[in-house]
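Welcome! Let us walk through a protein together, one topic at a time.

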Amino acid sequence: MNQFLTDRVIRKLETLSDERAYQVLDYIEFLESKYAESKPAPPNVFQRFAEGVEDTMRAGKVSASTVAETMSLMSKAMGVLGGVAAAGKSVASDLVGGVAKSGDGKGTGAGAEGGAGAAGGAGADGGGKTGAG
């Protein structure tokens, strides 16, 4: 669907009550089941959960305004959880990056120190002095 049509549909939807917007959603899902040219992108875990809750509430004849308020709260909660997940991934990648850098640094530092120790050891044997002098 082109962007202009998408924007136009959204503008029209914004003028409707939640009750009417759910009727439009039902009709869109019906059309999608009959005429979709491609499969929609699969929802993520949070979206699947929220849509399940929303569908269950609607099937239980909960008022559209109550469903809308609940979904608004769930959206905020999903935003928080998404932020926590992103922060966790960031910390994990920083830790992995830090361990990799630390591991490389230790390997290089240990090699350099080991090399100095080996040269000093060779000097103690007299071979290091001969090589240096």
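Here is a short report on the fold, the surface and a pairing of side chains.

## About the model

This is a predicted model, in which local features need pLDDT of at least 70 and side-chain atom pairs count only at pLDDT 80 or more, while totals for chains, interfaces and linings use all residues. Residues are numbered from 1 along each chain as its sequence is written, and side-chain values use heavy atoms, leaving out hydrogens and water.

## The fold

The protein has five helices and zero strands, giving the pattern α-α-α-α-α along the sequence. Helices (H or I, at least four residues) and strands (E, at least two) are DSSP runs, numbered from the N terminus.

Now for contacts, meaning heavy atoms within 4.5 Å. Of those between residues at least 6 apart in sequence, 58% join residues at least 24 apart.

## The surface

The accessible surface is about 10300 Å², and carbon and sulfur atoms account for 62% of it. Such areas come from the Shrake-Rupley method with a 1.4 Å probe; for residues, only the protein chains shown count as cover.

Of the 133 residues, 6% are buried. Buried means under 20% relative accessible area, exposed over 50%, and partly exposed in between (1.4 Å probe, protein chains only).

## A salt bridge

How many salt bridges does a search of the whole structure find? The search finds one, where a salt bridge is a side-chain nitrogen of Lys or Arg within 4 Å of a carboxyl oxygen of Asp or Glu.

The partners are the side chains of D26 and R58, at 2.7 Å from N to O. This pair links distant parts of the chain, 32 residues apart: D26 sits in helix α2 (residues 18-35) and R58 in helix α3 (residues 45-59). D26 is partly exposed at 35% relative accessible area, and R58 is also partly exposed, at 21%.
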